[in-house]
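Me: I would like to learn how to read a structure like this one feature by feature, and I would be glad if you gave me the general idea before each case.

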Amino acid sequence: MRVKIDAVPDSPSFPEAVDVVVIGGGIIGTSVTYELAKRGVAVALFEKGVMAGEQSSRNWGWVRQQNRDLYELPMAMYSLQCWSELGEEIGRDLGFRRSGILYGTTEAADLAKWENWGKQAKNIGFHSQILSAKEVQERIGGKTSWLGGVWSPTDGRAEPSQAVPALAIGAQKLGANIQQRCAVRGLDISAGRVTGVWTERGLVKASKVILCGGAWSSRFCSRYGIDLPSANILGTAFKTTVAPQVTEGCLSVPGLAIRRRLDGSYTVAISGRGQLDLAPQNLRYATRFYPMYRSKIAKKLKIRLNGSFFSGPEAAGSWSMDGISPFEKIRVLDPAADKQILREAIAKMVHEFPQLQGIAVDHAWGGWIDTTPDLVPVIDEISQIPGLIVASGFSGHGFGIGPGAGKLCAQMVMHDQPYTDLSPYRLSRFDRGNAIREPQMM
């Protein structure tokens, strides 16, 4: 493992039957499980590897509302409130601090975009502050002459390696059953609807199944003829050595995104940089992703052909319930970091902030980000298989909005009134013949 994650113990007994099975132990799966357990629902969470082993421990740790797609903003706002309460509820530190997020730019187009977004966001109830050149220079400092920026003081940060395990342990204390290193191979279906799951350790009966499999969700769905358009993008991030403070919270400027960590180091990435592999899944959904590929968002992606064509979450091929599944062959997706990104990011940090001279990479990692064509997640009950809910395609935003997504899924299970409109998250928006919306804000 290239990341260090707090350990979560498995529940002592293996369940034979529950009300709800959750597949996937990332931020979405653990948030759903916690919300259901709070309501007294008998819920079991199955993770093929370890809690937060994949993207949920490899993200930047930003918890933001600023610059969200307006469809996502209500969920982001609800999630921020949840983040403020979860630590006290669970009795564990999730690393959450409401220390603000700051964006700086040298481009007038960025300022115009942020200002326009801010006017629309106010109608939803979110307020941020456009900064003048002088104001952003005072906040960021650095060697660049900034044209302006945007500041969201109510946004925050958290520690991914702490937060997801804390949610899992919190759910356990409320009665949830947690099983790691136990893959769900497929669904048990009777009379056309879900009646449980087949795991590598046998059948578990349930009337509802919530798929939160991240990069693996689309391949799982393909076994049942469900089209879940998803492209997995490989991102790189790293933790630095301990260094002087240049920001208390999160900072994004061209060519650099950093988060101050609790131990005095930084989590660092370069926004928009990543790798897209030519694999059966990506080729299958290529036309659905055309609006994204032609947008500025995709300009910095490397396109490669490698071993993912034959194995992993984007490969083709079927499997049986009584044989080893693809999910067991790769317990944890643990790709290497892009060394070029590491070099560029460190050089940018030292150039911009000379007081960071001597800073180095402590450890680095790659992570597969499950991405939809419009960069908005799918949270929906699948009509052709009643009882199956998919919560996936969070497009790199899942960590920040995970608690809100968990709440929505729990409300769907309990048939409660959702706190926000679910229509933007319907899978049917990607049906063939429908116009796919070009990605908005990141």
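Reply: Let us begin with contact, which here means heavy atoms within 4.5 Å. What you see is a predicted model, in which local features need pLDDT of at least 70 and side-chain atom pairs count only at pLDDT 80 or more, while totals for chains, interfaces and linings use all residues. Residues are numbered from 1 along each chain as its sequence is written, and side-chain values use heavy atoms, with hydrogens and water left out.

Me: With that meaning of contact, which residues does phenylalanine 353 touch, leaving aside its neighbours within four places in sequence?
Reply: Phenylalanine 353 is in contact with Ile140, Gly142, Val246 and Leu251, when neighbours within four places in sequence are set aside. As for its place, helices (H or I, at least four residues) and strands (E, at least two) are DSSP runs, numbered from the N terminus, and phenylalanine 353 belongs to the loop between helix 10 (339–352) and strand 19 (361–371).

Me: Is phenylalanine 353 buried or exposed?
Reply: The general idea is that buried means under 20% relative accessible area, exposed over 50%, and partly exposed in between, with a 1.4 Å probe and protein chains only. Phenylalanine 353 has a relative accessible area of 2%, and therefore it is buried.

Me: How would I read helix 5 in this way, taking valine 164 and serine 161, which both lie there?
Reply: Valine 164 sits in helix 5 (residues 160–173) and is buried, because its relative accessible area is 0%. Not counting residues up to four places away in sequence, valine 164 touches Gly25, Gly26, Ile27, Thr30, Ala52 and Ser56. Serine 161, also in helix 5, counts as buried because its relative accessibility is 15%, and beyond its neighbours within four places in sequence it is in contact with Lys4, Ile5 and Asp6.

Me: How many strands are in the open sheet with mixed pairing, and in what order do they come?
Reply: Strands of a sheet pair through backbone hydrogen bonds, either parallel or antiparallel. Two strands are said to pair if DSSP finds at least two bridges between them. The open sheet here has six strands in the order 8-2-1-12-21-20, with mixed pairing. Strand 8 (177–180) and strand 20 (378–381) stand at the edges with a single partner strand each, so one side of each is left without a neighbour in the sheet.

Me: Where can I see each sense of pairing?
Reply: Strand 1 (residues 20–23) and strand 2 (residues 43–47) pair in the parallel sense over four bridges, and valine 20 has valine 43 of strand 2 as its bridge partner. Strand 20 and strand 21, by contrast, pair in the antiparallel sense over four bridges, with glutamate 381 opposite isoleucine 389 in strand 21. These two strands form a hairpin with six residues between them, and glycine 387 in the turn has a positive phi of about 100 degrees.

Me: At what angle do helix 2 and helix 11 pack?
Reply: Axes are lines fitted to C-alpha atoms, for helices over the stretch in contact, and angles run from 0 to 180 degrees between N-to-C directions. Helix 2 (residues 73–90) and helix 11 (residues 398–414) pack at about 95 degrees, with their axes 7 Å apart. Helix 2 is therefore roughly perpendicular to helix 11, since angles under 35 degrees count as roughly parallel, over 145 as roughly antiparallel, 65 to 115 as roughly perpendicular and the rest as oblique.
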